[in-house]
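Please look over the sequence and the model before turning to the points below.

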Amino acid sequence: MRVALASFEFEGNTLSSQINRRDTFSRKVLVEGDGVLPAIEGRDLAVTGALEALRKEGLEIVPILVAHGGSGGVVEGAFYRETFDRIVAGILKQPVDGVFLALHGAMICEGETDPEGALIAALRAALGPGIPIAASLDLHAHVTPRMADNADILVGYETYPHVDAHGTGRRAAELLAGALHGRIRPVTRIRRIDALLPVVGGSTNGDAPMAQVRELARRIEADGRALAASYFPVQPWLDIDDLGIAGVAVTDADPAAATAVAEEIVLAMWDRRRTFELACLSPDEAVREALDRPARVLISDAPDCVGGGAPGDAPAVLAALLRAGPDAESAVLVVDPAAAAEAFDLGIGKTARMRIGSSLDPRFHPPVETEVVVESLHDGHFTYTGGISAGTPGQMGPTAVLRAGRLRIVVPTYATYEYGDEQYRAAGVDIRDCKIAVLKNPMNFRTLLDADTSWVMVGGAGPTAPDLASIAWQVKKRPFWPCDDQQQPVFMENHRDA
């Protein structure tokens with residue numbers, strides 16, 4: 001039996017000013033046909049986990065296309081439609097017995113707010129009801145009724161920080177193989193509540209609220225109540241009306257059980273909603289707090305999270321470091337293609353007064369102007385060592401390291417998803433030698449914590465503002481949690497009768 005294998009992964013953000021085109025994907029992964037398997041084999045990706053599981057089951061792989069663009073704003077409509085058409089045409093070009101898709105689940109495109117649902121629906125319409133379709137999804141997927149109506153199997157990441165992309169692809173593909181071999185008859189159901197949850201409190205580790213939901217889901221699976229139970233606290237920076245937290249369950253020919261499990265999962269998130277909120281500081285407060293602590297401190301610049309769709313160009317924490325901590329050995333990263341180009345023109349060892357930051361999205365902060373020395377210049381290439389992109393290349397483009405006193409400012413041309421400290425290491429900066437290091441994410445920086453390293457989080461305005469109630473929602477209709485203190489959950493429409 002033959003299984004078509006494709007991936008189209010991107011996390012969108014309608015609050016971001018970015019429009020992401022082909023070049024965004026080309027800098028990460030964009031391959032088709034015969035180029036697919038060499039690009040993904042041996043990687044820690046969802047599509048790789050699926051490939052390995054399907055091969056183990058003796059199934060023939062039909063590689064179609066792999067496109068991974070990371071995170072940003074809105075995907076250009078023309079590129080989305082071109083990629084959509086290539087995936088559909090590639091699958092329909094020859095007979096297949098099943099389809100596996102590695103998706104993020106929270107892509108947003110020009111003219112389409114449910115692009116993954118549109119893709120799955122188009123494949124279902126073309127293939128008919130008899131060909132099983134399975135998809136792996138990010139934990140922050142915006143799962144829609146159209147996705148659940150047209151896919152036989154939907155399985156989400158278990159972890160945040162994300163460390164199980166490969167395992168999720170494997171799990172979804174094993175269910176697909178079970179369907180193809182006649183061992184199971186999978187059905188998927190979804191239940192959603194009209195609420196959003198702060199990302200900053202969404203860790204699945206320790207005794208965090210999502211860790212408790214994770215434990216519940218695994219217990220449901222172990223008890224045999226579902227083949228897969230997934231929780232989706234959703235990418236919250238999508239100003240679209242059809243957005244809410246979701247529980248999704250896959251069962252063996254038991255739609256009523258799937259609906260019950262999906263509802264139990266989403267209610268578990270709702271019941272813990274107040275515990276997702278964490279205290280945040282202003283940039284100046286965060287720097288002062290870090291300086292007062294005896295050991296190394298990581299500052300999470302949460303409102304400018306590249307992995308959530310922000311451009312990574314906010315200089316708010318840089319400005320605070322220049323004001324309060326110029327004598328502390330520190331490192332901060334600010335994406336600014338113009339400043340990087342100026343540094344390359346100046347050359348190593350040159351001194352200049354430069355404007356840094358807010359060159360891509362000037363809505364939230366003014367640029368910082370300060371005198372710097374060009375300390376080093378780099379090509380910006382690196383390889384991810386963990387997380388959902390483990391083993392894949394990262395490309396910051398021409399990257400300058402500028403020094404202002406004991407503060408080093410890493411200035412890349414392009415924003416890249418942060419997992420650990422790969423970006424700093426690619427620029428020759430070892431943050432273990434720093435008193436303060438700034439990371440532009442609200443979660444993955446925690447993989448860098450140890451007994452000698454603590455953290456503080458910055459709040460405030462930005463494309464990934466941690467305080468969701470502070471956002472001026474234009475499309476999503478109120479009331480909804482957390483903008484409104486609702487006491488009872490408001491369920492969104494169920495996708496079909498149980």
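This is a predicted model: local features need pLDDT of at least 70, side-chain atom pairs count only at pLDDT 80 or more; totals for chains, interfaces and linings use all residues.

Residues are numbered from 1 along each chain as its sequence is written, and side-chain values use heavy atoms, with hydrogens and water left out. Helices (H or I, at least four residues) and strands (E, at least two) are DSSP runs numbered from the N terminus.

**Helix packing**

- Two packed helices are described by the angle between their axes and the distance between the axes. Axes are lines fitted to C-alpha atoms, for helices over the stretch in contact, and angles run from 0 to 180 degrees between N-to-C directions.
- Helix α8 (residues 209-222) and helix α9 (residues 255-271) have axes that come within 9 Å and cross at roughly 165 degrees. Helix α8 is therefore roughly antiparallel to α9; angles under 35 degrees count as roughly parallel, over 145 as roughly antiparallel, 65 to 115 as roughly perpendicular and the rest as oblique.
- The crossing of α8 and α9 is right-handed. A crossing is right-handed if the near helix is turned clockwise from the far one by less than a right angle, and left-handed if anticlockwise.
- On the α8 side, M210, V213, L216, A217 and I220 make the contact, and on the α9 side V261, E264, I265, A268 and M269 do so; contact means heavy atoms within 4.5 Å.
- By class, this contact of α8 with α9 has nine nonpolar, no polar and one charged residues. Ala, Val, Leu, Ile, Met, Phe, Trp, Tyr, Cys and Pro count as nonpolar, Asp, Glu, Lys and Arg as charged, and the others, Gly among them, as polar.
- Helix α4 (residues 77-92) packs with α5 at an angle of about 30 degrees, and their axes are 11 Å apart. Helix α4 is therefore roughly parallel to α5.
- The crossing of α4 and α5 is right-handed. From α4, the contact is made by Y80, F84, I87, V88, I91 and L92, and from α5 by P115, A118, L119, A122, L123, A126 and L127.
- The residues of the contact of α4 with α5 comprise 13 nonpolar, no polar and no charged.

**Salt bridges**

- Side chains of opposite charge can pair when their charged atoms come close. A salt bridge here is a side-chain nitrogen of Lys or Arg within 4 Å of a carboxyl oxygen of Asp or Glu, and the whole structure holds 40 of them.
- R21 and E76 are joined by a salt bridge of 3.4 Å, N to O. The pair links distant parts of the chain, 55 residues apart: R21 lies in the loop between β2 (19-20) and α1 (22-26), and E76 in the loop between β5 (74-75) and α4.
- R21 is partly exposed at 39% relative accessible area, and E76 is partly exposed at 22%. Buried means under 20% relative accessible area, exposed over 50%, and partly exposed in between (1.4 Å probe, protein chains only).
- R363 and D361 form a salt bridge with their closest N and O atoms 2.7 Å apart; D361 is buried, with 4% relative accessibility.
- R432 and D430 meet in a salt bridge of 2.9 Å, N to O. R432 is exposed at 60%, whereas D430 is partly exposed at 24%.
- One network, joined by salt bridges that share partners, consists of E158, R171, R214, R218 and E221.

**Backbone geometry**

- Most residues other than glycine have a negative phi, and most peptide bonds are trans.
- The peptide bond from Y160 to P161 is cis, with omega near 5 degrees. P161 sits in the loop between β8 (153-156) and α7 (165-180).
- A cis peptide bond also runs from W481 to P482, with omega near 10 degrees. P482 belongs to the segment after β21 (453-458).
- V234, which is not a glycine, has a positive phi of about 70 degrees. V234 is in the loop between β10 (228-232) and β11 (245-252), and is buried at 1% relative accessibility.
- A253 has a positive phi near 60 degrees. A253 lies in the loop between β11 and α9, and is partly exposed at 32% relative accessibility.

**A loop residue**

- P129 is located in the loop between α5 (115-127) and β7 (133-137), and counts as exposed at 79% relative accessibility.
- P129 and A151 are 22 residues apart in sequence and 9.8 Å apart in space, C-alpha to C-alpha.
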